[in-house]
Amino acid sequence: MREIVAEGLHGVILTSPKTSNSRRTVYLSPDTVTLLRGALAQQALHKAALNGAVRGHSRDYQRRRP
């Protein structure tokens, strides 16, 4: 993945590096990779829980996610 974390008008955003010289390789320990994969799995569960109809709302309102 080739992304950088940058400060945007509405908070932190992910974007691509501006130049090829600004690309860096970050080495992660196996424990860190396991931890990050677990966090990604939790995010996927939360995202799935937010999709679909909103209970109690008329006209079968749907949440829209990008």
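Modeller: Two strands count as paired if DSSP finds at least two bridges between them. The model discussed here is a predicted one.

Colleague: How do you know that strand 1 and strand 2 pair?

Modeller: Strand 1 (residues 4-8) and strand 2 share five bridges. The requirement is at least two bridges, so the two strands count as paired. The sense of the pairing is antiparallel. Among the partners, Glu-7 is bridged to Val-12 in strand 2, and Val-5 stands opposite Leu-14 of strand 2.

Colleague: What joins strand 1 to strand 2?

Modeller: A hairpin makes the link, through two residues.

Colleague: Which elements does the chain have, and in what order do they run?

Modeller: The chain has one helix and two strands. From the N terminus on, the order is β-β-α.

Colleague: Why is Leu-14 called exposed?

Modeller: Leu-14, which lies in strand 2 (residues 11-15), has a relative accessible area of 56%.

Colleague: What is Leu-14 in contact with, leaving aside its neighbours within four places in sequence?

Modeller: Leu-14 is in contact with Glu-3, Ile-4 and Val-5. Contact here means heavy atoms within 4.5 Å. For Ile-4, the C-alpha to C-alpha distance to Leu-14 is 5.5 Å, although the two residues are 10 apart in sequence.

Colleague: What makes the nonpolar surface patch?

Modeller: Val-5, Val-12 and Leu-14 make the patch, which is about 320 Å². Nonpolar side chains are joined into a patch within 5 Å, and each residue in a patch must have over 30% relative accessible area.

Colleague: How do you know that the span of helix 1 agrees with its number of residues?

Modeller: Helix 1 (residues 30-50) has 21 residues, and at 1.5 Å a residue it should span 30 Å. The expected span is 1.5 Å times one less than the number of residues. The end C-alpha atoms of helix 1 are 31 Å apart, which agrees.

Colleague: Why is helix 1 said to lie largely in the open?

Modeller: Buried means under 20% relative accessible area. Of the 21 residues of helix 1, the number that are buried is zero, so the helix lies largely in the open.

Colleague: What share of the chain is buried?

Modeller: Buried residues are 2% of the 66 residues in the chain. The accessible surface of the chain is about 6,700 Å², and 55% of it belongs to carbon and sulfur atoms.

Note on methods. Residues numbered from 1 in each chain as written. Predicted model: local features only at pLDDT ≥ 70, side-chain atom pairs only at ≥ 80, totals over all residues. Heavy atoms only, no water. Patch = residues over 30% accessible without salt bridge, like charges linked within 9 Å, V, L, I, M, F, W, Y side chains within 5 Å. Areas by Shrake-Rupley, 256 points an atom, 1.4 Å probe, with all protein chains shown as cover. Salt bridge = Lys/Arg side-chain N within 4 Å of Asp/Glu carboxyl O. Helix = DSSP H or I, 4+ residues; strand = E, 2+ residues; numbered from the N terminus. Buried < 20%, exposed > 50% of the residue type's maximum accessible area, 1.4 Å probe, protein only.
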